[in-house]
Amino acid sequence: MNITSKGITLTESMKELVSERVAHLASHAPTSDSVRCHIIYHESYQEFECELFVHHEKKELFAKERGSDFKQTLSHACAAMAHQLEKQKTQHLKKHQNHNAINVEK
């Protein structure tokens, strides 16, 4: 996992929180190749922007959230990514079920 930031120096507790939340995503996609998290702090708006990139099954998934509270913004971004990973898993299962059904009919 790679954590980067812009406009803010991340504290150890912030890095640990990111690591915890991203580790939870592994339960949705244990075969993910790489996970990147980029945290941006917009001083003029006093907002955090959290971007998550997950390379999973030859696809690059992306989630982005903005908010004034770091913890909440990170949680929303992780929830959005978890939703995408679950959707990927469902599509993958349907594809294999259809493929297996075709092979059984032959």
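Reply: Start with contact, which means heavy atoms within 4.5 Å. The model is predicted. By that cut-off, and leaving aside neighbours within four places in sequence, Leu 85 is in contact with Leu 25, His 28, Ala 29, Val 54, His 56 and Leu 61.

Me: What makes the largest nonpolar core, and which residues have the most contacts inside it?

Reply: Membership needs a buried nonpolar residue joined to others through side-chain atoms within 4.5 Å. The largest such set has 24 residues, and Ile 39, Leu 52, Phe 70, Leu 74, Met 81 and Leu 85 have the most contacts inside it. Two or more residues each come from α1 (12-25), β2 (34-42), β3 (47-56), β4 (59-67) and α2 (70-105). The most come from α2, with seven residues.

Me: Why is Phe 53 called buried?

Reply: Buried means under 20% relative accessible area. Phe 53 has 19% relative accessibility, so Phe 53 counts as buried.

Me: Why does Phe 62 count as partly exposed?

Reply: The class runs between the 20% and 50% limits. Phe 62 is at 36%, and therefore counts as partly exposed.

Me: What makes Arg 36 lie over the face of Phe 53?

Reply: The distance limit is 6 Å from the ring centre, with a further limit of 35 degrees from the ring normal. Arg 36 is at 4.3 Å from the ring centre and lies over the face of Phe 53.

Methods. Residues are numbered from 1 along each chain as its sequence is written. This is a predicted model: local features need pLDDT of at least 70, side-chain atom pairs count only at pLDDT 80 or more; totals for chains, interfaces and linings use all residues. Side-chain values use heavy atoms; hydrogens and water are left out. Buried means under 20% relative accessible area, exposed over 50%, partly exposed in between (1.4 Å probe, protein chains only). Helices (H or I, at least four residues) and strands (E, at least two) are DSSP runs, numbered from the N terminus.
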